[in-house]
Amino acid sequence: MFLTKNMKIECFDEFGFLLWYWAPVAYDAYLKNNLELTKSKIGTKPVFYFSKNHYEEFGHHDPPMLRKILRPTENYLNCYTNEGPKFVNNDDWTPPPYKEFFKNDLFVYDKPILTINNKNNREWGRLPYNYFNSEVLDKLFNLLKKDYQIVYIRLPDDNVKYKFQRDIGQGRVNIGDKELLLKHPEVIDIETLLSETNKNYNELQFMLLSNSEHHITPAGDAVVPSYFGGEVLIYNCPDCNSSDRGVWKTGSWMEKLSGSKIYGFNDYDDLFNDVKNRWL
């Protein structure tokens with residue numbers, strides 16, 4: 001349907017599907033001088049930076065349009081497997097080189113950057129499951145801040161001010177991270193940087209991730225840092241809807257997004273131990 005001359009790609013699926021499928025298909029069309037325009041959610045210009053005609057508007061497809069696009073070739077749920085969906089082997093799927101494009105001299109520090117992505121939204125209409133609570137964050141900060149410049153990345157509460165769109169159904173809860181950051185002034189909060197620049201959330205996030213080879217992230221958000229090379233350590237809760245999803249496990253097909261090395265954990269202590277052995 002979309003793989004035609006002068007492609008017009010309109011996509012309003014969950015953010016992960018934008019990065020898994022729509023951005024690579026659009027970028028491949030761009031490389032072949034075959035992309036006319038892209039249209040997607042608020043704050044997606046950095047995702048489709050290569051599109052000369054990119055338009056943003058509020059919208060969300062649930063279930064994702066990808067389900068219809070892939071049928072009957074394959075089930076879109078194959079994205080959640082360790083080996084990955086079939087479309088990654090197609091000659092019209094080329095992940096955009098975000099790390100190369102967004103790498104910069106603006107965010108460079110005396111110590112190497114280590115990014116910690118996090119989230120505070122409800123999952124499956126209930127509580128946050130794939131996230132780092134204040135106790136876990138405190139342990140990570142204390143463990144790593146001597147050797148690394150930690151940059152903490154979480155969606156701010158004000159999506160209008162920072163120009164991004166939340167996926168539908170993502171109610172937020174207080175996880176105590178902002179209070180904890182006051183006790184760790186060495187840690188840089190992306191929201192602080194946002195207040196000092198006119199860049200939107202995704203552009204700034206991409207710039208920070210581009211300058212790092214060390215990424216810690218919960219499942220879900222892990223799609224983003226997996227685009228930026230280096231090593232990506234993913235926490236996936238042991239008892240929730242995503243527990244058995246292979247995409248968040250070691251050696252996941254998401255390594256094809258940028259050549260990053262992915263390591264998955266279902267236990268905080270296992271993640272801590274790996275951090276010590278791998279990076280300290």
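Visitor: Is cysteine 240 buried or exposed, and what is its relative accessible area?

Guide: Cysteine 240 is buried, at a relative accessible area of 16%; buried means under 20% relative accessible area, exposed over 50%, and partly exposed in between, with a 1.4 Å probe and protein chains only. The model is a predicted one, in which local features need pLDDT of at least 70 and side-chain atom pairs count only at pLDDT 80 or more, while totals for chains, interfaces and linings use all residues. Residues are numbered from 1 along each chain as its sequence is written, and side-chain values use heavy atoms, with hydrogens and water left out.

The sulfur of cysteine 240 is bonded to that of cysteine 237, with an S to S distance of 1.9 Å; a disulfide is a pair of cysteine sulfur atoms within 2.5 Å. One disulfide is found when the whole structure is searched. Cysteine 11 takes part in none, and the nearest cysteine sulfur to it, that of cysteine 79, is 14 Å away. Cysteine 11 counts as buried, at 1% relative accessibility. Cysteine 79 is also in no disulfide, with the sulfur of cysteine 11 the nearest at 14 Å. The relative accessible area of cysteine 79 is 0%, so it too is buried.

The account now turns to the loop between β8 and β9, where leucine 257 lies. Helices (H or I, at least four residues) and strands (E, at least two) are DSSP runs, numbered from the N terminus. Leucine 257 is buried, with 5% relative accessible area. Its contacts, leaving aside neighbours within four places in sequence, are Leu19, Trp20, Trp93, Pro95, Val223, Ser226 and Tyr227; contact means heavy atoms within 4.5 Å. The C-alpha atoms of leucine 257 and asparagine 273 are separated by 26 Å, with the two residues 16 apart along the chain.

Helix α8 covers residues 268–279, and its twelve residues reach 16 Å from the first C-alpha to the last, close to the 16 Å expected at 1.5 Å a residue. The expected span of a helix is 1.5 Å times one less than its number of residues. Tyr268, Leu271, Phe272, Asp274, Val275 and Trp279 are the buried residues in α8. Viewed down the axis, these residues fall within an arc of 165°, so they line one face of α8; the arc is that of the directions from the helix axis to the C-beta atoms. An α-helix has 3.6 residues a turn, so residues three or four places apart point the same way. The buried residues of α8 pack against β4 (113–117), α4 (134–144), β7 (212–218), β8 (231–235) and β9 (261–265). At the start of α8, a side-chain oxygen of aspartate 267 comes to within 2.9 Å of the backbone nitrogen of aspartate 269.

In α4, the buried residues are Val136, Leu137, Leu140, Phe141 and Leu144. They lie within an arc of 135° when seen down the axis, so they line one face of α4. Their packing partners are β4, β5 (149–153), α5 (177–183), β7 and α8. At the start of this helix, a side-chain oxygen of asparagine 133 reaches to within 3.1 Å of the backbone nitrogen of glutamate 135.

Helix α1 is mostly covered, with 15 of its 17 residues buried. It bends by about 35° at tryptophan 22, and proline 24 follows within four residues; the bend is the angle between axes fitted to the seven residues ending there and the seven starting there. Tyrosine 27 is found in α1 (residues 15–31) and is buried at 11% relative accessible area. Residues up to four places away in sequence not being counted, tyrosine 27 touches Tyr49, Phe50, Thr94, Pro95, Pro96 and Pro97. Just after α1, asparagine 33 takes a positive phi of about 55°.

Threonine 44, finally, lies in the loop between β2 (35–40) and β3 (54–56). Threonine 44 counts as buried, at 1% relative accessibility. Its side chain makes a polar contact of 3.0 Å with the side chain of histidine 54; such a contact is a pair of N or O atoms within 3.5 Å, and within protein one must be able to donate a hydrogen and the other to accept it, while residues adjacent in sequence count only if both atoms are side-chain atoms. Leaving aside neighbours within four places in sequence, threonine 44 is in contact with Phe15, Leu18, His54 and Glu56.
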